[in-house]
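Here are my notes on the model, point by point. Please read them with the structure open.

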Amino acid sequence: MSEKKVHVEVHRDDEASKLGMWLFIFTELLLFGGLFLVYSVFRAEYPANFHEGSLELSVTIGAINTIALLISSMTVAMALTAIQKDNKKLALALISITLILATVFLINKYVEWGAKFEHGLYPGSPLMKYLDRGHLLYFSLYFFMTGLHALHIIVGMVLLTICLFKVRSGNVNSKSYIHLENGALYWHLVDLIWIFLFPLMYLIN
Amino acid sequence: MSEEFEKTEYVSYLEHKGKYTGIRSWIYTLDHKRIGLLYLYAIIALFFVGAILGLLMRIELVKPGETIMKPQTYNGVFTVHGIIMIFMVVIPGLSVVFGNFFLPIMIGAKDVAFPKLNRMSWWIYIIGCMLAVASQFMKDGPPDAGWSFYAPYSTTTSTNVIMATFAAFVLGFSSILTGLNFIVTIHQMRAPGMKFMNMPLFAWAIYATSWTQLLATPIVGITLLMLIAERLFGIGFFNPDLGGDPVLFEHLFWIYSHPAVYIMILPALGVITEIIPTFCQKKIYGYKAIAFSSLAIAGVGFLVWGHHMFTSGMSDQARWFFSFLTFLVAVPSAIKVFNWLATMYKGSIDLRPPFLYALSFIFLFTIGGTTGLLLGSVATNVQVHDTAFVVAHFHYIIFGGMGFAFFGAIHYWLPKMYGRMYDMKRATVAWVIIFIGFNLLYFPQFILGIQGMPRRYFDYLPQFQTGQIISTVGGFILITGLVMMVYNLVQGVRKGEIAPANPWHGSTLEWQIPSPPSLENFDEAPVVKENPYDYE
Amino acid sequence: MANNTTHTTEYKVLARILLVLMFLTFVTISVTSLNLGAFSVTVALLIAGVKGFFVLSYFMHLKYENLLLRILVALVFVLFAVIVLITFIDYAYR
């Protein structure tokens with residue numbers, strides 16, 4: 001007669017998915033929070049040294065990176081709007097722009113770090129040991145925090161590239177776009193962290 | 001939210017034949033119940049490894065001087081004992097075993113919110129365990145800095161610190177993802193009619209625990225990364241020669257590790273809150289107070305970490321602050337104890353093994369908790385910090401508390417999980433032996449500590465030997481009881497009597513379904529009661 | 001089981017928010033080049049906070065999400081701030 005079911009089909013729950021991404025974002029905020037805590041302790045202890053250290057950074061490149069990230073946040077948010085309005089082509093273009101801006105950020109980072117390495121300034125370098133203590137701590141924090149942040153940029157780019165393919169294949173569409181929404185949320189987090197990192201690293205008075 | 005409940009046919013989750021067979025049906029399972037059992041087996045195995053390491057320490061301490069191991073070995077043993085017990089047994093502990101198995105059932109759901117993430121949490125946990133084991137055997141030797149890895153020793157010792165801390169980092173990831181999964185499960189997957197205030201209190205406990213896992217663990221994650229960077233690159237954060245501060249490491253470490261002890265104990269308090277009403281056949285006294293006290297413990301628990309650091313060189317103001325908050329956080333715990341006792345009053349008491357474990361929990365937890373107050377007061381703390389007193393305190397709370405709650409949970413829920421009963425008499429005998437062994441093992445250490453016996457020392461003055469001998473004897477009695485307990489449970493699972501759906505006349509949803517549960521828990525829509533503790 | 005209930009933010013709104021953020025970035029840079037002594041950290045953090053608020057509210061849609069999520073986000077920031085503050089009870093008085 002009728003076959004009785006043993007297993008019910010998996011239901012989709014976008015709200016749960018989004019909540020899950022927000023919770024993950026909380027963990028990322030606290031992860032960086034630990035570094036911000038260390039930063040605040042040492043900046044309070046070595047204010048002059050931190051100021052001098054920040055003079056070694058290029059405010060111009062930092063500002064360009066900030067602008068790039070802000071624009072990329074807007075473009076990925078617009079990509080979500082585009083998908084909601086069923087404009088697949090625009091969504092693809094906007095996600096691509098986001099990825100290009102992310103690449104610009106990473107290239108700038110590479111240039112900045114490269115310049116430091118050339119001057120013998122890198123974690124564990126012989127030169128570091130000769131610096132004043134506050135300078136050493138400042139640069140250790142600089143490399144650690146911007147490095148961890150860059151790692152998150154890469155992760156974000158991977159997520160958004162996956163979204164790009166999903167949009168192209170139609171997996172993400174105007175009726176089902178939670179993956180893009182979550183990818184965008186992660187990207188905004190990366191931007192959010194930089195919004196705090198930039199003044200604290202580059203603009204110390 | 002209005003969907004027709006799709007009825008299914010009963011097939012025990014243990015017999016269900018899915019895509020995979022044999023061992024792959026376990027390793028690739030998406031069923032929260034099987035995942036709970038996988039964690040259970042890993043945790044029992046690791047617990048006994050940790051217990052044997054503890055026993056080795058007890059043998060070493062039975063007389064002054066070198067007994068069975070060199071000092072360096074002793075340092076390695078207490079380090080790995082702590083790493084295993086804390087990161088692999090007690091922190092995951094009740095959450096991953098009973099939270100996984102019973103949270104969805106108790107709220108009327110068919111699984112957790114993200115089953116694939118749940119499976120990944122288990123795989124990550126196993127990888128973390130393997131990395132920790134590896135750190136014991138790699139070429140630089142087992143880490144010897146204690147499970148708390150204080151700088152500057154941890155940043156300079158030549159042993160395998162990086163591998164061990166990386167293992168802890170990986171295990172932390174597993175913890176975070178489990179917490180995330182449970183929070184979303186509770187928010188999104190409660191059955192119709194199951195409001196927050198209708199949930200069993202074990203679910204509330206898991207909820208509070210999950211928030212702590214989610215928010216506290218990242219901080220130790222980044223701290224361990226900083227430690228690794230310090231060893232690899234000399235970044236200087238914790239090195240006074242480079243301008244850093246070792247006490248900063250302690251702050252960062254304890255900002256996680258104090259909430260971590262609440263991760264350990266909150267589910268335990270939740271389990272006791274389930275067992276007591278069932279074995280008194282009486283509604284829990286003060287449901288709301290218990291629910292909110294779980295949240296309060298989790299919240300205030302984030303603010304007390306400095307009580308581990310009273311002798312480290314913090315300012316006086318910091319010490320006042322942390323001491324005051326430590327006394328504050330004791331209040332919600334005490335509320336629970338009062339409510340349990342009030343539940344028992346005029347209840348119909350059933351002294352079977354789960355309830356015996358619950359009663360002994362209250363006794364041991366109270367000793368642990370009140371000695372915690374002694375430690376929380378700065379003036380007395382400076383006398384007993386880093387002595388055997390602290391060791392006794394935390395073993396009473398963690399082992400006497402969480403450990404006994406774990407044993408109680410297993411005795412309570414095993415009939416449901418496997419559909420079999422165990423021998424009650426043997427379980428009771430095992431419990432008596434465990435209880436006696438436990439107190440003989442740890443109570444003398446309170447006295448030794450006050451007399452001045454330091455912790456983590458492999459040698460000591462002859463005046464401490466009597467207490468050490470009693471303690472060691474207690475250790476052997478304890479492990480005998482533990483082996484008996486496990487043997488009895490295993491025999492029950494293999495050849496015990498078939499268990500009914502509701503052997504203890506419990507009221508929460510897991511007792512409404514067959515033992516063992518069906519693959520998706522509820523073959524028919526669960527009947528959600530407004531009062532989860534309804535024994536009429 | 002709720003699906004696809006996210007509000008659609010218009011392109012215009014997103015573009016305007018970007019302009020606000022860029023303006024605030026410019027303000028941060030100018031303000032920190034003035035000599036405000038101990039206040040420079042506070043001002044920089046305040047402006048960053050405002051920028052963060054806009055990113056959270058509009059780009060991350062928090063303005064259109066349910067109250068529970070908004071409270072949780074706020075609580076996470078409060079938790080972090082409290083932890084930093086308490087740590088300074090030690091460092092400020094050593």
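This is a predicted model: local features need pLDDT of at least 70, side-chain atom pairs count only at pLDDT 80 or more; totals for chains, interfaces and linings use all residues.

1. Next, the contact between chain B and chain A. It takes 40 residues from chain B and 36 residues from chain A. B:Gln188, B:Ile222 and B:Phe237 supply 17% of the area that chain B buries against chain A, more than any other three residues. Together the two chains bury about 3300 Å², with 74% of it on carbon and sulfur atoms. The count of salt bridges across the interface of chain B and chain A is 0.

2. Chain A also meets chain C. Here 52 residues of chain A are in contact with 50 residues of chain C. The buried area is about 4300 Å², and 73% of it lies on carbon and sulfur atoms. Between chain A and chain C there are 2 salt bridges. One of them pairs A:Lys85 with C:Glu10. Their closest N and O atoms are 3.1 Å apart.

3. Is A:Asp86 buried or exposed? A:Asp86 counts as exposed because its relative accessibility is 56%, above the 50% cut-off. A:Asp86 sits in the loop between α3 (59-84) and α4 (88-118) of chain A. Its phi is positive, about 65°, although it is not a glycine. Most residues other than glycine have a negative phi. Please check this loop.

4. B:Phe149 lies in the loop between α5 and α6 of chain B. With a relative accessible area of 2%, B:Phe149 is buried.

5. Two peptide bonds in chain B deserve a look. The bond from B:Ala151 to B:Pro152 is cis, with omega near 0°. B:Pro152 is in the loop between α5 and α6 (153-156) of chain B. A cis peptide bond also joins B:Ser515 and B:Pro516, where omega is about -10°. B:Pro516 belongs to the segment after α16 (465-495) of chain B. Most peptide bonds are trans.

6. What covers the surface around B:Met120? B:Ile23, B:Ile27, B:Tyr28, B:Met120 and B:Trp123 form a nonpolar patch on the surface. Together they have about 450 Å² of accessible area. B:Met120 is in helix α5 (residues 115-137) of chain B. B:Met120 counts as partly exposed because its relative accessibility is 37%, between the 20% and 50% cut-offs.

7. B:Thr209 lies in helix α8 of chain B, residues 201-233. B:Thr209 is buried, with a relative accessible area of 0%. B:Thr209 touches B:Ser95, B:Ile263, B:Leu266 and B:Pro267, not counting residues up to four places away in sequence.

Technical notes
Residues are numbered from 1 along each chain as its sequence is written. Chains are lettered from A and ligands numbered from 1 in the order in which they are written. Side-chain values use heavy atoms; hydrogens and water are left out. Patches are made of residues with over 30% relative accessible area and no salt bridge: like charges are joined within 9 Å, nonpolar side chains (Val, Leu, Ile, Met, Phe, Trp, Tyr) within 5 Å. Accessible areas come from the Shrake-Rupley method with a 1.4 Å probe; for residues, only the protein chains shown count as cover. A salt bridge is a side-chain nitrogen of Lys or Arg within 4 Å of a carboxyl oxygen of Asp or Glu. Helices (H or I, at least four residues) and strands (E, at least two) are DSSP runs, numbered from the N terminus. Buried means under 20% relative accessible area, exposed over 50%, partly exposed in between (1.4 Å probe, protein chains only). Contact means heavy atoms within 4.5 Å. Buried area is the accessible area (1.4 Å probe) that two parts lose on being put together, summed over both.
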